[in-house]
Amino acid sequence: MDSARALSDARPTPFWLEDPGRPAALPALVGGTTCDLLVVGGGYSGLWTALIAKERDPSLDVVLVEGKEVGWAASGRNGGFCAASLTHGFGNGLQRWPAELGHLERLGAANLDGIEATLGRYGIDAEWERTGEIDVATQPHQLDELHEVAEAVARHGLDVTVLDRDELRAQVDSPTFLGGIWDRDGVAMVHPAKLAWGLKEACLGQGVRIFEHTPANALSEHGSGMAVRTPYGQVFARRVALGTNAFPSLVKRVRPYIVPVYDYALMTEPLSAEQLAAIGWKGRQGLSDSANKFHYFRLSADNRILWGGYDAVYHYGGHVRNEYDQRPETFRTLAHNFFRCFPQLEGLRFTHAWGGAIDTCSRFSAFFDTAYRGRVAYAAGYTGLGVGATRFGAEVMLDLLEGTRTERTSLEMVRSKPLPFPPEPVRWAGIEITTRSLERADRTGGHRNLWLRTLDRLGLGFDS
Ligand SMILES: Cc1cc2nc3c(=O)[nH]c(=O)nc-3n(C[C@H](O)[C@H](O)[C@H](O)COP(=O)(O)OP(=O)(O)OC[C@H]3O[C@@H](n4cnc5c(N)ncnc54)[C@H](O)[C@@H]3O)c2cc1C
């Protein structure tokens, strides 16, 4: 079957958000209110910040405002790979913070355990499966790179399992697989929207007041705190935490650090027992290949395959727009690549196709700071690996607002910032050249051209 036909029934909407358990939106804020802490944004960043603030001090009056609905954006439409890594993977962390990577890895592992413990504590059923992730090589040069990473991981006293071709294909069978490394404990699979909705429920249970369809339109100083304007009201807050991800930050100077990059995914119909048997996958791990333009794929609880990634699309001007969520040419490419990976599944159909914005920054891992003399904190720049790391970012924002130096705020990663992106049209041109160079590197045995080597030297990059 050609890939266009496999897509012909696909609904243009995120599979996860279609769940019958999707909660109704809470009423918008009308009139004025006061609070100790205002959280802006109802994705994981905002939800974790509100929840942990209440856990740290139950007497704190916490309000969360969400412009649309809790979990509608990246948090409800991602791949559901919940990783311990705080640095967009071990390799990126090693390149940028070699001296503190061991520390970052320990904090990341504790963060992942903390997420799992929270799910247990509040009885959140988010289809959590701590099955780990296998990074797969589909080209000989990727095999060498994976082995180098495995050696570096081992030098840091961490554990990954190296799989040769046959061992890998005994786990998940694709004729394209040459070998892989399996991080057994550092990644869990989760139903992304159920995680967001569960956190919303937990916040409400702890007394957080949540207003949906309530965009925060402007921030200003007010007495010793802040005033935040919304369409039908105003919030006076002692402190404000911003979890607004790829959307324009209310602190304007943060904007040049982030570009919204669109990432896309497909979901198949549920596999029959025979189809599943044809590919194995009894361990239900998440997988991703190791190309610059990489795919990520995993099973859902009802044995569908989510297949995403490959294209990472930046639109001139850097806007976040609903119409960018659909990109038929990317869906066709993804479908084509899916059947190349799993020819055994010929005839399988896709039921859902969607995209969403990620907050890419030039170092691929989040940055943190305060504004308005310490009254406002922000965390952004998770670049496609924020499902787990946003909880760490929430802790950092709360530490910063409390003004206390902690193990987290002492980190070089937390104290430093990425290089900002240049203004348009240089920004668009630079991203375009980088994307084409990365594509070429994938076709030429991983060879990085002069442009990419220069960016590497400057510590700059573009990723999803
Ligand atoms: C297709 C896709 C696949 C991905 N796959 C993975 C993955 O497998 N693993 C992984 O770790 N990461 C993945 N990510 C990234 C991950 O989803 C994000 O890093 C994470 O969800 C970020 O959470 P957040 O709360 O910061 O942002 P969001 O979920 O985007 O939430 C931000 C919220 O803020 C609200 N908002 C913005 N401005 C305002 C305002 N002024 N007033 C009020 N509300 C406002 C928005 O409406 C939105 O709901 C993926 C992302 C996409 C799009």
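Helices (H or I, at least four residues) and strands (E, at least two) are DSSP runs, numbered from the N terminus. This is a predicted model: local features need pLDDT of at least 70, side-chain atom pairs count only at pLDDT 80 or more, and totals for chains, interfaces and linings use all residues. Residues are numbered from 1 along each chain as its sequence is written, and side-chain values use heavy atoms, with hydrogens and water left out.

**Stop 1: the ligand**

A backbone N or O atom of G79 lies 2.9 Å from a nitrogen atom of the ligand. For A216, the distance from a backbone N or O atom to a ligand nitrogen is 2.8 Å. For G384, it is 3.1 Å. The protein covers 96% of the 1000 Å² of accessible area that the ligand has on its own (Shrake-Rupley method, 1.4 Å probe).

**Stop 2: helix α8**

Select residues 192–205, helix α8, where K200 is found. α8 is mostly covered: 10 of its 14 residues are buried (under 20% relative accessible area, 1.4 Å probe, protein chains only). Its buried residues pack against α2, α3, α5 (101–122) and β8 (209–211).

Is K200 buried or exposed? K200 counts as buried because its relative accessibility is 4%. Show its neighbors: leaving out residues up to four places away in sequence, K200 touches P23, A24, A25, L26, L47, V70, I210 and E212 (heavy atoms within 4.5 Å).

Just after α8, click G207, which takes a positive phi of about 95°.

**Stop 3: helix α10**

Select residues 328–341, helix α10. Among its buried residues are T330, F331, L334 and F338. The buried residues of α10 pack against α1 (3–6), β12 (259–268), β14 (295–299), β15 (305–313) and β16.

**Stop 4: helix α14**

Finish at residues 450–458, helix α14. At its start, a side-chain oxygen of N449 reaches to within 3.2 Å of the backbone nitrogen of W451. Just after α14, G459 takes a positive phi of about 75°.

Note on methods. A polar contact is a pair of N or O atoms within 3.5 Å; within protein, one must be able to donate a hydrogen and the other to accept it, and residues adjacent in sequence count only if both atoms are side-chain atoms. Buried means under 20% relative accessible area, exposed over 50%, partly exposed in between (1.4 Å probe, protein chains only). The expected span of a helix is 1.5 Å times one less than its number of residues.
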